[in-house]
Amino acid sequence: MSSPNTNQEKSGVVGRVLALPQVLKKKVLGICRLTKEIAQDDPRKVIHSLKVGLAISLVSLFYYYQPLYENFGLSAMWAVMTVVVVFEYTVGATLGKGLNRTIATLAAGALGVGAHYLASLSGATGEPILIGAFVFVQAAIASFIRFFPKVKARYDYGMLIFILTFSLISVSGFREVEVLEMAHKRLSTIFIGGSACVMISIFVCPVWAGEEFHYSIAHKLEILGDFLEAFVHEYFNQPQEGESEDSKGDSKDKSFLEGYKKVLNSKSIDDSLANFAKWEPGHGKFRFRHPWDLYLKIGALSRQCAYRMEALDAHINSDIKGSQDFRSTIQELCSEMSLESSKAFKELGSSIRTMTRPSSSDTHVANAKAALKSLKSLLQSCSRKETDLLSLIPAATVASLLIDIVEITEKIADSVNNLATLTGFEVVDTDKSPKVPSQSSHCECDEAVPKTDNLQVVILIEESALAVSDNEKSNVV
């Protein structure tokens, strides 16, 4: 007789087997939903996938088409490998990898052939020893150079390909007779694969890293502006513009209060996009030597601001509120600082996005600085009068963080103005008031106004004259 535990285990296994189709169905449906979300969120990713397939199909012809295969042989596979490794999402990333791979392959191929020639002069006994020494020396030196910061940032992939190509040509050349022919075929197929990647990436629905970086910086500033506006709404319980008291605490404000987290973790993405953008040729409003370092500076300042906002977010849900009277005292100035800084951030973000000079950001920064000075004076006077200083710490910490944000806002505004000057942002005329018409072009309109005045004056004069004449007649009678 079987034990009850054995029966339970069998029933459990049977149940899992029977439930397996449902589990697989849920996973397949989940993958389909995720695929749909990714495609709808950014259709360019679907286009990129098609571009990669097109590039691999084109270079595969060197292997399938017999005349091309006879010229290149098995080396045609290097073109396919190059496409798989080099083709990236943005034009800058593809160009960077393509140029790194091409230049490194050329340099390493030439040195590899030279090393093989020098080693062959030493005879059959000394040749493998010299080749091993050359491989050791170049691998050690190239690996150490990869630690240099600038090389690590832009040429790390090239140094890796240099080590690989030199080693392959040097070592395989020991068994191959026609080293030059082998190197020529590999270099040719790598160049063909890299060229296919670059051409398709640039001319078929290109995705420019510079544009991605440009708009991401603008979006970061807008996120910071939304946070400050939502912070005033949540911390001081003030309704925003066009909002009723009943709609406070909605999910939209919650999402704005969490937006700064995207800015905090953006350093690696910014560095990568800036590196890729420097490889790209001039396109649209972005010239070849565009000041991408200024974008990095603005991004760094925005992260500094986001760190302060993370601390402010902690004070919203904190149980320690401190003195309510003190909060009420500084509420107006803190709210003004937050809202003016919010308007400045949004104006600066819109300026970068549209590549137009900011029109009112300096005014908002000036207003925020004026409120900052008043707040500092108020804090000094309150600290002298208040005996329980511990009750002032929570609200005073919030005020101090807002002061730091205003100072960072001023630095960001200066950086955006420098960017606008260097890149030649367009000047938009914000004065929408009607212009005064000139006398030469609108003479009829100019004459119409005084005619009406003259009629009124004439009527008054005539009435007064009639009154005078009646009086004279009465005197005469």
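Me: Which helix gives the largest share of the lining of the largest pocket?

Reply: Rolling a probe the size of a water molecule over the atoms shows where empty space is left. A pocket is an open set of points on a 1 Å grid over the protein atoms alone, where a 1.4 Å probe fits, with protein on both sides within 12 Å along at least five of seven lines, and lining residues have an atom within 4 Å of a point. Here helix 10 contributes the largest share of that lining, six residues; helices are DSSP runs of H or I, at least four residues, numbered from the N terminus. This is a predicted model, in which local features need pLDDT of at least 70 and side-chain atom pairs count only at pLDDT 80 or more, while totals for chains, interfaces and linings use all residues. Residues are numbered from 1 along each chain as its sequence is written, and side-chain values use heavy atoms, with hydrogens and water left out.

Me: Which residues lie nearest the centre of the largest pocket?

Reply: Of the 17 lining residues, Glu-212, Ser-216, His-219, Ile-269 and Leu-273 are nearest the centre, and the volume of this pocket is about 550 Å³, taken as the space filled by probe spheres set on the points. Helix 2, helix 10 (209-235) and helix 13 (267-277) each supply at least two residues of the lining.

Me: How many helices and strands are there in the protein chain?

Reply: The chain has 18 helices and zero strands. Tyr-65 sits in the loop between helix 2 (44-64) and helix 3 (66-72).

Me: What share of the residues is buried?

Reply: Buried means under 20% relative accessible area with a 1.4 Å probe, protein chains only, and 39% of the 477 residues in the protein chain are buried.

Key
Buried < 20%, exposed > 50% of the residue type's maximum accessible area, 1.4 Å probe, protein only.
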